[in-house]
Amino acid sequence: MTQDGKVLVTIVVPVHNEAPNVQVLVDQITKVLLPLSAEYQYSILFVDDGSTDGTLAQIKKLRETAFHINYLSFSRNFGHQSALLAGLANAAGDAIITMDGDLQHPPEYLPAMLEAFSKGADVVYMQRINMSESLKSTLGQLFYLLFNLFSGYRLVANAADFRLISNDIAKQLVALPGQGKVLRAILPTLAKKPVVLQYHEAKRANGQPSYSYHDLFVLMLNIIFKFSKAPAYSLIIIGPLLLLLSIILLTLSLAGTLIVPLFLPIVLLAISIILICTGMLGLFAISLMDQIRQTPNYIIQESSIAAP
């Protein structure tokens with residue numbers, strides 16, 4: 001709270017090659033939040049994730065006349081989740097809102113998020129209700145379905161990184177040990193009074209999305225192998241099934257019902273088990289090594305925020 005009783009709000013915006021969108025986003029946020037200035041005092045914290053198109057220069061230009069705009073700049077591209085984490089670690093205020101810089105998260109929904117916060121919500125999820133028919137969207141929905149079905153965690157389906165987090169939740173999140181944190185998987189375990197609001201995702205205004213199929217696949221693997229017991233359970237299920245299949249093939253082959261070389265089902269069974277076990281154990285080992293190595297989630301090269 002400010003001395004005059006206003007609620008402090010920081011809007012964290014990770015950006016990667018979003019130079020054409022920075023000014024437009026600031027204008028939209030200002031238009032929406034200016035009428036609420038009697039209740040809220042807001043600032044915008046851009047986290048430049050190694051942009052190469054002049055995004056940081058554009059942000060600095062805006063800051064020359066708008067000191068409520070701050071920035072962090074990474075030494076290289078560390079990824080969207082690391083940018084979000086850095087923003088949360090450096091954001092001040094009672095509430096922190098995270099949103100993308102590509103204008104697909106419409107600022108017009110900010111008042112509704114703040115209203116939910118004022119009524120006691122500590123996490124406000126924004127759930128997309130106009131999912132596209134793209135392959136990326138279909139894969140995302142399938143992932144949420146399978147993850148919630150087989151893991152001990154509950155993810156809010158179609159809720160991306162457009163959300164409000166209370167200062168207390170943000171502090172808990174940042175303080176958690178470990179590397180490669182995935183916020184959307186951790187938040188449901190911390191939120192005590194979550195609220196889900198729905199929104200229509202806007203079309204990207206300029207440029208090309210930097211979040212590729214590869215990034216989506218890596219994010220899915222990261223969530224699955226750090227937050228789900230499904231891979232371990234799959235070994236218990238797949239093993240007996242493969243054993244049963246090999247017995248059937250061997251029986252049919254010995255009985256002369258199925259003409260296949262005897263060594264074929266044995267070799268296939270051995271190769272399948274070796275590949276599956278090695279792959280899964282390898283992924284678990286990589287995840288474990290990430291924690292042991294204590295590699296940084298991000299390295300801040302430049303910042304407009306004064307060091308404490």
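Rings of Phe, Tyr and Trp count as a pair if their centres lie within 6.5 Å, with the six-membered ring standing in for Trp. By that rule, ring pairs tie Tyr109, Phe162 and Tyr199 into a cluster in this predicted model.

**Figure 1. The whole chain, before zooming in.** This is a predicted model, with 10 helices and 8 strands in the chain. Of its 308 residues, 42% are buried. Take the contacts with a separation of 6 or more: 81% of them come from residues 24 or more positions apart.

**Figure 2. The ring cluster of Tyr109, Phe162 and Tyr199.** The close-up centres on two of its members, Phe162 and Tyr199. Their ring centres sit 5.2 Å apart and their planes meet at 90 degrees; planes over 60 degrees apart count as edge-to-face, so this pair gets that label. Phe162 belongs to strand β6 (residues 159-166) and Tyr199 to strand β7 (residues 194-199), so to speak two distant parts of the chain, linked by this pair across 37 residues. Both Phe162 and Tyr199 are buried.

**Figure 3. A second ring pair, Phe74 with Phe78.** The structure holds 3 aromatic pairs. In this one, the ring centres of Phe74 and Phe78 are 5.5 Å apart with the planes at 85 degrees, so here too the label is edge-to-face. Phe74 has a relative accessible area of 3% and is buried. Phe78 comes in at 16% relative accessibility, and because the cut-off for buried is under 20%, Phe78 counts as buried too.

**Figure 4. Helix α1 against helix α4.** Two packed helices are described by the angle between their axes and the distance between the axes. For α1 (residues 19-33) and α4 (residues 110-118), that comes to an angle of about 50 degrees and axes 9 Å apart. The two helices are therefore oblique to each other. On the α1 side, the contact is made by Ile29, Val32 and Leu33; on the α4 side, by Leu110, Pro111 and Leu114. Sorted by type, the contact residues are 6 nonpolar, no polar and no charged.

**Figure 5. Helix α1 again, now with helix α2.** The axes of α1 and α2 (residues 55-63) come within 8 Å and cross at roughly 30 degrees. From α1, Ala19, Val22, Gln23 and Val26 meet Thr55, Gln58, Ile59 and Leu62 of α2. This contact divides into 5 nonpolar and 3 polar residues, with no charged ones.

**Figure 6. Leu72 and its surroundings.** Leu72 is found in strand β3 (residues 69-74). With a relative accessible area of 1%, Leu72 is buried. What does Leu72 touch, leaving aside its neighbours within four places in sequence? One part of the list is Leu45, Phe46, Val47 and Asp48; another includes Ala86, Gly87 and Asn90. Leu72 is also in contact with Ile300, Glu302, Ser303 and Ile305.

Conventions
Residues are numbered from 1 along each chain as its sequence is written. This is a predicted model: local features need pLDDT of at least 70, side-chain atom pairs count only at pLDDT 80 or more; totals for chains, interfaces and linings use all residues. Side-chain values use heavy atoms; hydrogens and water are left out. Axes are lines fitted to C-alpha atoms, for helices over the stretch in contact, and angles run from 0 to 180 degrees between N-to-C directions. Helices (H or I, at least four residues) and strands (E, at least two) are DSSP runs, numbered from the N terminus. Angles under 35 degrees count as roughly parallel, over 145 as roughly antiparallel, 65 to 115 as roughly perpendicular and the rest as oblique. Contact means heavy atoms within 4.5 Å. Ala, Val, Leu, Ile, Met, Phe, Trp, Tyr, Cys and Pro count as nonpolar, Asp, Glu, Lys and Arg as charged, and the others, Gly among them, as polar. Rings of Phe, Tyr and Trp (its six-membered ring) pair if their centres lie within 6.5 Å; planes under 30 degrees apart count as stacked, over 60 as edge-to-face and the rest as tilted. Buried means under 20% relative accessible area, exposed over 50%, partly exposed in between (1.4 Å probe, protein chains only).
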